[in-house]
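Student: Could you help me learn to read helix packing, sheets and annotated sites in a model?
Tutor: Gladly, let's have it in view.
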Amino acid sequence: MPTSATNQMEMEIAQVQNSLSHLFFTFSISFLFFSIIVLFLRSRPWCNCHICKTYLSFSWRSEFSNFSDWYTHLLKKSATGTVHIHVLGTTITANPANVQHMLKTRFENYPKGKQFSSILGDFLGHGIFNSDGDMWRFQRKMASLELGSVSVRSYAFKIVSTEINDRLIPFLRSISGRSNSGTVDIQDLFRRFALDTICKISFGLDPGCLDLDLPMSDFANAFDTASRLSALRATTTAPIVWKLKRFLNVGSEKELKHAIKIIDGLAQAVIRERRKIGFSTGHDLLSRFMGAVQEQVDDKFLRDIVVSFLLAGRDTVASGLTTFFLLLSQNPAVAAAIREEIETNKKDGVLCPGQLNNMHYVHAALYENLRLYPPVQFDSKFSAEDDVLPDGTFIRKGTRVMYHPYAMGRMESIWGEDCMEFKPERWLRDGVFTPESLFKYTVFQAGPRVCIGKELSIMEMKTVIVAIMLRFNIEVLMSKEKPQFALGLTASIKGGVQARILHQS
């Protein structure tokens, strides 16, 4: 065959190959976009009901300053205390019978679920708050053994007391001593304090966040960012959106990735240091955990445990303390009653666990605060199989089912007509604190997943409250305003909470 004819044939073959490649590429791209569209349409049904239209249009903002207040409004209007957000594939309830059904009676049918684990997986990994099955049971067992021990509680109380006396009180004294009656953002202050204490208790690190004029550490900022952006994932009607952004590493997902990198760096540095110096004699929770499991787990598993401890110990305590002093500024009679009880029980200005246990009114006031402003305003599960809730609501397999502590604390059907009032007395029987059912007071969850750090967090908050009120008046400047909450896994108030610190006369 002549060379020119051969070359011509080769050129024609190459053109055909290029055309086929271009056709295949075009088909692949078209198929990808078609698949994304189908996935989007199938993942969330279109719905024209009033609730879904209000959610999608954000028109609820014209009447409510907080997302949770809108949910509360919907749940109060519902005859069963249960509503559906169809575009989210979510059922929300504030019915105690439903909560008991989910958290206890049919516990196995309402795990965190793969969907929830996917949303928080980059941040929380396979930690206790983001796992199910054997992984969750193992961590739960280990954490229960450690947090329930007398030695750990004594160790934690010593750390909290030292942090209060050596850092918190001197800092507040320096603010109150300013000639123009100094102010401080108490939300930021309590976050720094809680970060200090939980870092020392959980893995023996002192970040020194309460040093005067020290800005929030890079780690604390990264933790806030990761919490906010992980929560943002859960608000989208189409998960494919954030997953695509994560794949392309753009926008909020790029910011989240950077924040998690900072968190990972600190956690791994702490773990390496613990392995280097040994953990057999350490009293912090990480050392005790590592000593108990020895070499059976890797650093990634330990990293997830560290982050879980920080989420539980830093954000929840700071949130609870912030709203407590906000409510006290609005209720001076309660503040006076607390001071009277403190004066009755104090001995030479020194606090011990026994004295705290005798302060029933302080305990009641703290519980009442958490009823109105729970640090975790809602919690979600995913139904493993079709089910029917006690109120008759049908739950399809794979549905996200959310119970709402914030709304439950505002339901007249649960707490009576005075549910919006701050009344510590509702927790007292003949002057003694008397708890309510955890299925109506869901601040600490209930059933097999009930909070195992509850006693430690209550101890820390009560110790701070008593120590501050012995010495100072905290006057919150926004006390007459309704707080607006920022997006996040735990409740935080937008713009902070400025307060005036005055010496107790």
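Student: At what angle do helix α14 and helix α16 pack?
Tutor: Axes are lines fitted to C-alpha atoms, for helices over the stretch in contact, with angles from 0 to 180 degrees between N-to-C directions. Here α14 (residues 332-345) and α16 (residues 360-372) pack at about 145 degrees, their axes 8 Å apart. This is a predicted model, where local features need pLDDT of at least 70 and side-chain atom pairs pLDDT 80 or more, while totals for chains, interfaces and linings use all residues. Residues are numbered from 1 along each chain as its sequence is written, and side-chain values use heavy atoms, without hydrogens and water.

Student: Which residues in α14 and α16 meet?
Tutor: Contact means heavy atoms within 4.5 Å. V334, A337, I338 and E341 of α14 meet H360, Y361, V362 and A365 of α16.

Student: What is the strand order of the open sheet?
Tutor: Two strands pair if DSSP finds at least two bridges between them; strands are DSSP runs (E, at least two residues), and helices are H or I runs of at least four, numbered from the N terminus. The four strands lie in the order β1-β2-β7-β4, with mixed pairing. At the edges are β1 (82-85) and β4 (379-382), each pairing on one side only.

Student: How many bridges join β1 to β2?
Tutor: Four, and these strands run antiparallel. T82 stands opposite T93 in β2.

Student: Where is C451 found?
Tutor: C451 sits in the loop between β9 (432-433) and α19 (454-471). Because its relative accessibility is 35%, C451 counts as partly exposed (between buried, under 20%, and exposed, over 50%, with a 1.4 Å probe and protein chains only).
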